[in-house]
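Good morning, and thank you for coming. I would ask you to look at the model on the screen before we go through it part by part.

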Amino acid sequence: MPKYMIFALNGPTEGEGDEAIYNEWYHSIHMPDLLAVDGVIAARRYKMMSNNRADWPYVATYEIETDDLQKVLDGIANNIRPFHPTFDRSKSGMVIAQEIEE
């Protein structure tokens with residue numbers, strides 16, 4: 001079965017206390033919503049330590065195993081709750097990659 005990885009690059013808005021609220025929402029609501037989608041098998045979050053071409057303070061990874069990637073992506077789009085106001089959409093990007101099999 002093909003394996004994929006989503007790299008979600010994002011960060012909080014810049015108001016007082018926004019980062020703590022954003023992290024709580026991401027951990028307690030957003031990640032569980034994504035993990036509930038059939039085909040998403042693992043999720044992890046990281047705080048950026050350094051980068052040379054990006055302005056994202058956080059990255060989340062989502063491992064996917066599926067024969068129908070579009071079905072999983074549709075499940076993600078249709079089954080997650082709205083983004084919290086502390087989720088800065090201007091600091092949001094995503095990469096989807098397929099594992100190379102030999």
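Where does P2 lie? P2 is in the segment before β1. Helices (H or I, at least four residues) and strands (E, at least two) are DSSP runs, numbered from the N terminus. Before I go on, please note that this is a predicted model, in which local features need pLDDT of at least 70 and side-chain atom pairs count only at pLDDT 80 or more, while totals for chains, interfaces and linings use all residues. Residues are numbered from 1 along each chain as its sequence is written, and side-chain values use heavy atoms, with hydrogens and water left out.

Let me stay with P2 for a moment. P2 is partly exposed, at a relative accessible area of 22%. Here, buried means under 20% relative accessible area, exposed over 50%, and partly exposed in between, with a 1.4 Å probe and protein chains only. Not counting residues up to four places away in sequence, P2 touches I64, E65, T66, D67, Q98 and E101; contact means heavy atoms within 4.5 Å. By contrast, P2 and E19 are 17 residues apart in sequence, yet their C-alpha atoms are 35 Å apart in space.

I turn now to the strands. Two strands pair if DSSP finds at least two bridges between them. β1 and β3 run antiparallel and are joined by 8 bridges. Within that pairing, I6 has Y62 of β3 as its bridge partner, and N10 stands opposite Y58 in β3. β1 also pairs with β4, again in the antiparallel sense, over 6 bridges; there, M5 is partnered by A97 in β4. β2 and β3 form an antiparallel pair over 7 bridges, in which the bridge partner of R45 is A60 in β3.

Why is β3 described as largely enclosed by the rest of the structure? The reason is that 6 of its 8 residues are buried.

The loop between β2 and β3 is where we find N52. With 72% relative accessibility, N52 counts as exposed. The C-alpha atoms of N52 and P2 are separated by 30 Å, and the two residues are 50 residues apart along the chain.

Next, the interior. In soluble globular proteins, nonpolar side chains tend to be buried together. A nonpolar core is a set of buried Ala, Val, Leu, Ile, Met, Phe, Trp, Tyr and Cys residues joined through side-chain atoms within 4.5 Å. The largest such core in this model has 18 residues, and those touching the most other members are Y26, V40, Y62, I64, V72 and I76. At least two residues of this core come from each of β1 (3-10), α1 (18-35), β2 (40-47), β3 (58-65) and α2 (69-79). The greatest contribution is that of α1, with 5 residues. As for I64, its contacts beyond four places in sequence include P2, Y4, I6, V40, L69 and V72.

What is the volume of the largest pocket? The value is about 310 Å³. On a 1 Å grid over the protein atoms alone, a pocket is an open set of points where a 1.4 Å probe fits, with protein on both sides within 12 Å along at least five of seven lines, and lining residues have an atom within 4 Å of a point. Grid points are joined across faces, edges and corners, and the volume is the space filled by probe spheres set on the points. Of the 18 lining residues, A8, H30, I76, F83 and M94 are the closest to the centre of the pocket. Two or more lining residues come from each of β1, α1, α2 and β4 (93-98), and β1 gives the most, with 4.

Finally, two further buried residues. F87 is placed in the loop between α2 and β4, and F87 is buried, with a relative accessible area of 6%. Leaving aside neighbours within four places in sequence, F87 is in contact with N10, G11, T13, Y22, W25, Y26 and S92. F87 and Y22 are 65 residues apart in sequence, but 6.2 Å apart from C-alpha to C-alpha. The other residue is D18, in helix α1, which counts as buried at 13% relative accessibility. Beyond four places in sequence, D18 is in contact with P12, T13 and T86.
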